[in-house]
Amino acid sequence: MSLRTNGKRLSRRAFVQESILGVMAASACGGRVFAESSAGPATPVSANDKLSIAVLGVRGRGQDHAQAYASRNDCVVAYFCDPDREIGQSYADRFAARFGYRPKFVTDMREIFADAAVDAVSIATPNHWHALAAVWAIQAGKHVYVEKPVSHNLSEGRRIVQAARKYGKICQGGTQRRSDGVFRDARALVEKIGPVRVVRCVMYRQRNPIGPPGDYPVPPSVDYNLWAGPAPMAKVTRRSFHYDWHWFWDFGNGEIGNNCVHAVDTARIIVPVPNLGKGVLCYGGRPGFHDAGETPNTQVSIHDLGGLTLVQEVRNFKTPPPFLGGTVLVVGEDGYVATSMGNRVTRFDKDGKEVETISGTSTDHFGNFVEAVKASKPEMLNADIEEVHVSSAFTHLANVSYRLGRPADPASLRAALDKVPCNEDTAATLEAIASHLRENGVDLSAEPLTLGRTLAFDPAAERFVDDAEADALLTRTYREPFVMPSAEEL
């Protein structure tokens, strides 16, 4: 392999890093990306001792939630909630055929919160509902499992933490890798590579354009008021109502919030990062797609954690196989530690030669939540809400910087990145991104990327430093009556 990319010479260190990522991707072919759920304990449990659980959102991931709980003999799925009547009723029928009973179906989650018999709520709604649903459930006395990212913006995540602590409720975040023991064990490998200077969180997942913007109808089976909740009931400009909300700021957080959050959370297990650092700069864009979507298909964020730099990198264009998903590369002075897409972690020397590999056993992430609820011990959780709030917030900070940015031609972008004080080889990363885009037919001279605003951050206050415009993006304008309570109102 050459040390060149499209004629540009890479530094030796950048070349080694790219080689290691390729090795880890190849080793993971055919493996799983995230932990799967397994059945619960085999010992009999009386009906009165079973946890009553409600699942919010059952079109996709929520079905995994429902099946995980129903497969346990210490849980009963009492409710399904979905604002799409057709999807909800249809899944309730399929669930009944498989498990022998039919949960009650409702379109308004507030009916569930009003039922004192419900012990816990498991949230798999679109992102814009995650935090408000969690806070309302906790205020109603329910324990909560909430999917990643646990919030749509940074302030919401902190509000869930505050609610869980105030009401003494168990709250688990849906980053399943925290139930993979190998990542905790990987800390011992990191100790062997010297002081850590850079942690790279990589998510390459191919996506396609979602179609042109237009004025599309809301599906007749959807209660749009309940679906939108805290978000605006704006004109639907995407062709596919479901799922493609991920690529719109009102509802989703782009690929960085959708999937790179797994890599960030994994990195924070391996290299403990207690707070959000003191600064962020993000660049990227949605070149080449020419569709209705708003969020980037290509994105890089650089986070200043003092002596440590955390980098997030997202690519949605096709990459040469094998692709990378949720991979973490820890860069030390004396070597590297890298994760595969499964539960495998490898240490490499300075030259990129494999030294040792460890693997581990995965436990059931939903089961961990159930056992913590039964024991009334939040310390049993593998993914306590505060940890996943911080991981989610890293993706939010990247998006704030990006959304405050302006288009920059390649030379201006390169010059700006050269001035960023960090441990990351910004020039090598930018060249790799540019090469990747060229290979996918993107001309950055015609479609320049956006250079985000460099933002100073106060991690203790979880606010930006002297930047009201950036602070405004730490929250949102809520639509009545779907309003997130303030800390004082909890």
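**Entry 1. The largest cavity**

I looked up the lining of the largest cavity and found R207, N208, I210, W247, R286, F289 and N316. By class, I count three nonpolar, two polar and two charged residues in this lining. In this scheme Ala, Val, Leu, Ile, Met, Phe, Trp, Tyr, Cys and Pro are nonpolar, Asp, Glu, Lys and Arg are charged, and the others, Gly among them, are polar. The largest cavity holds about 40 Å³ of space, and the search of the whole structure returned two cavities of 30 Å³ or more. I note that a cavity is a set of points, on a 1 Å grid over the protein atoms alone, where a 1.4 Å probe fits but cannot get out; lining residues have an atom within 4 Å of a point. Grid points are joined across faces, edges and corners, and the volume is the space filled by probe spheres set on the points.

I record that the model is predicted, that local features need pLDDT of at least 70, that side-chain atom pairs count only at pLDDT 80 or more, and that totals for chains, interfaces and linings use all residues. Residues are numbered from 1 along each chain as its sequence is written, and side-chain values use heavy atoms, with hydrogens and water left out.

**Entry 2. N258**

I located N258 in helix α10, residues 254-270; helices are DSSP runs of H or I with at least four residues, strands are runs of E with at least two, and both are numbered from the N terminus. N258 is buried at a relative accessible area of 4%. I use buried for under 20% relative accessible area, exposed for over 50% and partly exposed in between, with a 1.4 Å probe and protein chains only. Leaving aside residues up to four places away in sequence, N258 touches K148, R207, Y243, H246 and W247, where contact means heavy atoms within 4.5 Å. The side chain of N258 also has a polar contact of 3.2 Å with that of E255. A polar contact is a pair of N or O atoms within 3.5 Å; within protein, one must be able to donate a hydrogen and the other to accept it, and residues adjacent in sequence count only if both atoms are side-chain atoms.

**Entry 3. H303**

I found H303 in strand β11, residues 298-304, buried at 0% relative accessibility. Its side chain makes a polar contact of 2.9 Å with the side chain of S301. Beyond four places in sequence, the residues that H303 touches include G279, V280, F394 and L397.

**Entry 4. Salt bridges**

I counted 29 salt bridges, each a side-chain nitrogen of Lys or Arg within 4 Å of a carboxyl oxygen of Asp or Glu.

E313 and R200 meet in one of 3.1 Å, N to O. This pair links distant parts of the chain, E313 in strand β12 (residues 309-315) and R200 in strand β9 (residues 196-204), 113 residues apart. E313 is buried at 2%, and R200 is buried at 4%.

E387 pairs with R268, with the closest N and O atoms 2.8 Å apart. E387 lies in helix α12 (residues 385-403) and R268 in helix α10, so the pair ties together parts 119 residues apart in sequence. E387 is partly exposed at 33%, whereas R268 is buried at 6%.

Salt bridges with shared partners join R72, D74, D364, E371 and K374 into one network. Within this group, D74 bridges to R72 at 2.9 Å between the closest N and O atoms; D74 is buried at 2% and R72 at 6%.

Key:
On a 1 Å grid over the protein atoms alone, a cavity is a set of points where a 1.4 Å probe fits but cannot get out, and a pocket is an open set with protein on both sides within 12 Å along at least five of seven lines; lining residues have an atom within 4 Å of a point.
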